[in-house]
Amino acid sequence: TPSARELSARNAHSKVVVNRVRAITSDSEPNAVFLSQQYNDMIILYGGRTALYYALLAQPDLATQTYPLDQYEARLVSVVEQLLAQGTPVYMIQEPKTIRYRQGPIDPYPILGSHFNLQQVRLDPPVYKVISANRS
């Protein structure tokens with residue numbers, strides 16, 4: 001069982017994370033969708049916004065127990081295009097390099113950067129608003 005000191009430290013850390021999530025979402029539109037793995041549940045619970053756990057777009061192949069990534073980019077781009085077409089603001093939180101994905105290399109930042117224009121709206125952590133399709 002955790003000691004009182006460990007519980008106190010855990011509670012203090014949780015408070016910092018909750019405040020960070022509230023700061024991340026505070027200037028966003030009420031109907032905004034955030035792409036995040038690290039803060040996914042916290043965005044929903046404490047930020048009052050919708051979150052997309054983008055790692056789930058890499059669908060498993062049950063026969064081989066692997067995550068083929070050949071359709072991941074198309075799925076991610078399609079979802080973001082649909083949200084933008086509906087007038088839903090989309091934000092992406094750039095995950096730290098220490099995040100490991102069981103699905104493999106599914107970092108959405110380079111994918112979204114090649115298909116959309118991204119506007120950085122926050123530095124720590126880096127948050128980008130997906131503002132339009134990249135037609136260049």
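At what angle do H3 and H4 pack, and how far apart are their axes?

## Helix packing

H3 and H4 pack at an angle of about 60°, and their axes are 10 Å apart, where axes are lines fitted to C-alpha atoms, for helices over the stretch in contact, and angles run from 0 to 180 degrees between N-to-C directions. That makes H3 oblique to H4, since angles under 35 degrees count as roughly parallel, over 145 as roughly antiparallel, 65 to 115 as roughly perpendicular and the rest as oblique. H3 contributes Tyr-72, Glu-73, Leu-76, Val-77 and Val-80 to the contact, and H4 contributes Pro-108, Ile-111, Leu-112, Ser-114 and His-115; contact here means heavy atoms within 4.5 Å.

## Model and overall architecture

This is a predicted model, in which local features need pLDDT of at least 70 and side-chain atom pairs count only at pLDDT 80 or more, whereas totals for chains, interfaces and linings use all residues. Residues are numbered from 1 along each chain as its sequence is written, and side-chain values use heavy atoms, with hydrogens and water left out.

The chain has four helices and five strands, which follow the pattern α-β-α-β-α-β-α-β-β along the sequence; helices (H or I, at least four residues) and strands (E, at least two) are DSSP runs, numbered from the N terminus. Of its 136 residues, 35% count as buried, with buried meaning under 20% relative accessible area, exposed over 50% and partly exposed in between (1.4 Å probe, protein chains only). Among contacts between residues at least 6 apart in sequence, 49% join residues at least 24 apart.

## Nonpolar cores

A nonpolar core is a set of buried Ala, Val, Leu, Ile, Met, Phe, Trp, Tyr and Cys residues joined through side-chain atoms within 4.5 Å. In the largest such core, which has 19 residues, Leu-35, Tyr-54, Tyr-72, Leu-76, Val-80 and Leu-112 touch the most other members. At least two residues of this core come from each of strand E1 (33-35), helix H3 (72-85), strand E3 (90-93), helix H4 (108-115) and strand E5 (127-133), and H3 supplies the largest share, five residues.

Leaving aside neighbours within four places in sequence, Leu-35 has contacts that include Leu-52, Tyr-54, Leu-76, Val-80, Met-92 and Leu-112. A second, separate core of 11 residues has among its members Ile-24, Tyr-39, Ile-43 and Tyr-91.

## Helix H1

The 23 residues of helix H1 (residues 4-26) should span 33 Å at 1.5 Å a residue, and its end C-alpha atoms, 32 Å apart, agree with this; the expected span is 1.5 Å times one less than the number of residues. Its buried residues are Val-17, Val-18, Val-21, Ile-24 and Thr-25, and they pack against E1, helix H2 (40-46), E3, strand E4 (116-122) and E5.

## Two loops

Ser-28, in the loop between H1 and E1, counts as buried because its relative accessibility is 9%.

The loop between E4 and E5 holds Pro-125, which is joined to Asp-124 by a cis peptide bond with omega of about -5°.
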